[in-house]
Amino acid sequence: MRISAMTLLTAVLSSARAFVPATAKNLFGAKHALQSTTARSMATGRPPMPYDDDKMRFYALGTNLAIQVGGSVNMKTLLNKEEIDIVLEAFVDTIKEEMTVDPREVLTTYGPALNKLLGERTQSITDRIKQEGEDFIANFLDCNEDAIKTASGMVFCEMKKGDGKQPTIQSNVEVHYHGTLIDGTVFDSSVERGQTISFPLGGVIKGWQEGLQLMKEGGKATLVIPSDLAYGDAGSGDVIPPGATLKFEVELFKVN
C-alpha cells in the first residue's frame with residue numbers, strides 16, 4: 001500500500017510523456033475550448049467533460065494517477081467511501097506540502113497497522129470468492145447430469161464428443177474458447193475475437209492441462225476450474241480476482 005515518492009514521480013512523468021505539449025498554434029481561449037468540448041460531447045452523445053480543454057489535460061493526469069495507484073491496490077474493494085476520502089485528503093495534503101505532521105512519522109507509526117488491516121481484508125474477500133466458487137460448482141453439478149468432478153476438483157462437462165487425436169501434456173493444441181467468471185462476466189474469448197489460438201498445453205493453467213487431456217479433436221466441453229487450478233490467490237490483473245473460479249467453453253480443433 002505504501003507508495004514511494006519515486007513511484008509517484010515515475011507515474012507523473014509517464015503521464016506527462018503521454019500527452020503532446022501545447023504549441024502556439026493549438027492554444028485556445030477558455031471560452032473557445034469549452035465550446036469545443038461541449039460540441040464534441042453533443043456529437044458523440046457522451047456526457048460533457050468537467051472542464052475546458054486546457055484544464056482537462058491536468059484532469060487527465062489525475063485520472064491516470066488514480067488508475068495506476070488505485071488499481072494497483074484495489075482500493076474500491078478494500079476501502080469504503082469514507083476511508084477513500086481520508087486517503088485522498090492525505091494525498092492532497094502531502095503533494096501540496098500542507099501536512100500538519102511529519103509524513104515519515106505517519107508511515108512509521110501507522111504503516112504496519114495498515115498493512116495488517118489490508119491483509120485481513122484481502123484474505124476475507126478471497127475466502128468469500130472461493131466459497132462462491134464452491135457453491136457454483138455444486139450447483140453446476142446438480143444442474144448438469146453429464147458433468148463430472150475430477151479428483152483435483154475441476155468439473156468437466158462434455159458438450160460434443162470428439163473422434164480425433166487426444167492431447168498429452170507435451171502436445172500443441174489449437175482451440176476456440178470462451179472464458180467467464182461465475183457471474184457471467186467475460187474475461188477472455190477467442191470466440192469473440194473470431195480467431196482460434198494455438199499453444200503448448202504444458203504452458204497453461206493446470207485446469208486447462210487436465211481438461212484438454214480429457215478431450216479429443218473435434219470435441220467441445222465446459223470446464224469449471226477452481227482457483228487452485230487457475231490463478232490462485234493472486235488472481236490475474238484487474239480482470240480475474242484472487243480466488244476466482246473460472247468457467248470455460250472449449251472446442252478442440254487440432255492436436256500436434
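A residue here is called buried when its relative accessible area is under 20%, exposed when it is over 50% and partly exposed in between, using a 1.4 Å probe and protein chains only. The model is predicted, so local features need pLDDT of at least 70 and side-chain atom pairs pLDDT 80 or more, while totals for chains, interfaces and linings use all residues. Residues are numbered from 1 along each chain as its sequence is written, and side-chain values use heavy atoms, with hydrogens and water left out.

**View 1. Helix H5, from one end to the other.**
Helices (H or I, at least four residues) and strands (E, at least two) are DSSP runs numbered from the N terminus. Look at the start of H5 and you'll find Asn80, with a side-chain oxygen within 3.1 Å of the backbone nitrogen of Glu82.

Glu97 follows H5 and sits in the loop that runs between H5 and helix H6 (103–143). For background, most residues other than glycine have a negative phi. Glu97 counts as exposed because its relative accessibility is 75%.

A salt bridge puts a side-chain nitrogen of Lys or Arg within 4 Å of a carboxyl oxygen of Asp or Glu. The structure holds eight of them. In the one between Glu83 and Arg121, the closest N and O atoms are 2.9 Å apart. Glu83 belongs to helix H5 and Arg121 to helix H6, so this pair ties together parts that are 38 residues apart in sequence. Glu83, at 22% relative accessibility, is partly exposed, and Arg121 is partly exposed too, at 24%.

Asp233 is partly exposed at 44%, and Lys130 is partly exposed at 28%. Thr126 is also found in helix H6. Is Thr126 buried or exposed? At 4% relative accessibility, Thr126 counts as buried. Contact means heavy atoms within 4.5 Å. Setting aside neighbours within four places in sequence, Thr126 is in contact with Asp233, Pro242 and Gly243.

Rings of Phe, Tyr and Trp (its six-membered ring) pair when their centres lie within 6.5 Å; planes under 30 degrees apart are stacked, over 60 edge-to-face, and the rest tilted. Across the whole structure there are seven such pairs. One of them, Tyr51 with Tyr59, is tilted, at 5.8 Å centre to centre and 55 degrees between the planes. Tyr51 is partly exposed at 39%, and Tyr59 is partly exposed at 42%. Elsewhere, ring pairs join Tyr177, Phe187, Phe199, Trp208 and Phe248 into a cluster.

**View 2. The largest nonpolar core.**
A nonpolar core is a set of buried Ala, Val, Leu, Ile, Met, Phe, Trp, Tyr and Cys residues joined through side-chain atoms within 4.5 Å. The largest has 26 residues, and Val175, Trp208, Leu212, Ile225, Leu246, Phe248 and Val250 are those with the most contacts inside it. At least two residues of this core come from each of strand E3 (172–181), helix H8 (206–212), strand E6 (220–225) and strand E7 (246–255). E7 gives the largest share, five residues. Another core of seven residues lies apart from this one, with Phe136, Phe140, Cys157 and Val224 among its members.

Val250 is in contact with residues including Val175, Trp208, Leu212 and Met215. Glu249 lies in strand E7 and is partly exposed, with a relative accessible area of 28%. Its contacts are Met159, His176, Tyr177, His178, Lys220, Ala221 and Thr222. The C-alpha atoms of Glu249 and Val191 are separated by 9.7 Å, although the two residues are 58 apart along the chain.

Conventions. A polar contact is a pair of N or O atoms within 3.5 Å; within protein, one must be able to donate a hydrogen and the other to accept it, and residues adjacent in sequence count only if both atoms are side-chain atoms.
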